[in-house]
Amino acid sequence: MRKKILGAITFMAAVGGVIYMKNNPKYKEIIRVVKTADARGFYEKIILEKDKLAFTAQSKIKDYKIDYESIRSVGEKIYARLIVNNDEKLNIDTVLDEKDTNVEEVAHSEKLDKLLSE
């Protein structure tokens, strides 16, 4: 009985935390920065460095999307993950500077390495 009550309380706290974060003005500002045209340009530049033919019919990287669940802010840096070709295992981790909107690649997955080396 205690485990069920503790599980229910933990679940409600997790849901409350998610709702709070989604309605937090700071979180909304971070999402806005990640979605800017400048940031998208930098994302595409990173991808084009990996695959010169990216976003074309004969390329290995067809598209990407931002994983909004992975976004977190540490100081003035914003960490975000790009999901390539709609596959969670093909990803690129990036870091943005909030002031400059300059994006740098931090790491990418081994599966993406294998895809690009084929």
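Start by selecting Glu29, a partly exposed residue with a relative accessible area of 32%. Keep in mind as you go that the model on your screen is predicted.

**Stop 1: a pair within one helix**

Arg32 and Glu29 form a salt bridge, and their closest N and O atoms are 2.7 Å apart. Side chains of opposite charge can pair when their charged atoms come close. Where do Arg32 and Glu29 lie? Both belong to helix α2 (residues 25-35), and being 3 residues apart there separates them by about one helical turn. Arg32, with a relative accessibility of 46%, counts as partly exposed.

**Stop 2: the whole chain**

Zoom out and switch to a cartoon view. You will find 4 helices and 4 strands in the chain. Follow the cartoon from the N terminus and the elements come in the order α-α-α-β-β-β-β-α. Turn the model around: the C-alpha trace spans about 55 × 35 × 20 Å along its principal axes. How does the radius of gyration of the chain, 18 Å, relate to that of a compact globule of 118 residues? Such a globule would have a value near 13 Å. If you colour by accessibility, look for the buried residues, which make up 30% of the 118 in the chain.

**Stop 3**

The whole structure holds 3 salt bridges, including the one from Stop 1 between Arg32 and Glu29. Select Asp93 and Arg81 next. These residues form a salt bridge too, with 2.7 Å between the closest N and O atoms. Asp93 is in strand β3 (residues 91-97) and Arg81 in strand β2 (residues 77-84), so this pair ties together parts that are 12 residues apart in sequence. Asp93 is partly exposed at 21% relative accessible area, and Arg81 is partly exposed at 29%.

Then move to Lys111 and Asp87, whose side chains meet in a salt bridge at 3.0 Å, N to O. Which parts does this pair tie together? Lys111 is in helix α4 (residues 110-117) and Asp87 in the loop between β2 and β3, so the parts joined are 24 residues apart in sequence. Lys111 counts as partly exposed at 39% relative accessibility, and Asp87 counts as partly exposed at 23%.

**Stop 4: the aromatic rings**

Across the whole structure there are 2 aromatic pairs. Select Tyr43 and Tyr64: their rings pair edge-to-face, 6.2 Å from centre to centre and with 75° between the planes. Tyr43 sits in helix α3 (residues 37-50) and Tyr64 in strand β1 (residues 64-74), so the pair ties together parts 21 residues apart in sequence.

Phe55 and Tyr64 make a tilted pair, with 6.1 Å between centres and 55° between planes. Phe55 counts as partly exposed, because its relative accessibility is 32%. With Phe55 shown, you have a cluster: ring pairs link Tyr43, Phe55 and Tyr64.

**Last stop: a charge over a ring**

Finish by selecting Arg72 and Tyr79. Look down onto the ring of Tyr79 and you will see the charged end of Arg72 sitting over it, 4.7 Å from the ring centre.

Definitions and conventions. Residues numbered from 1 in each chain as written. Predicted model: local features only at pLDDT ≥ 70, side-chain atom pairs only at ≥ 80, totals over all residues. Heavy atoms only, no water. Phe/Tyr/Trp six-rings, centres within 6.5 Å; stacked < 30°, edge-to-face > 60°. Helix = DSSP H or I, 4+ residues; strand = E, 2+ residues; numbered from the N terminus. Buried < 20%, exposed > 50% of the residue type's maximum accessible area, 1.4 Å probe, protein only. Lys NZ or Arg CZ within 6 Å of the ring centre and 35° of its normal. Rg over C-alpha atoms; globule rule 2.2 N^0.38 Å. Salt bridge = Lys/Arg side-chain N within 4 Å of Asp/Glu carboxyl O.
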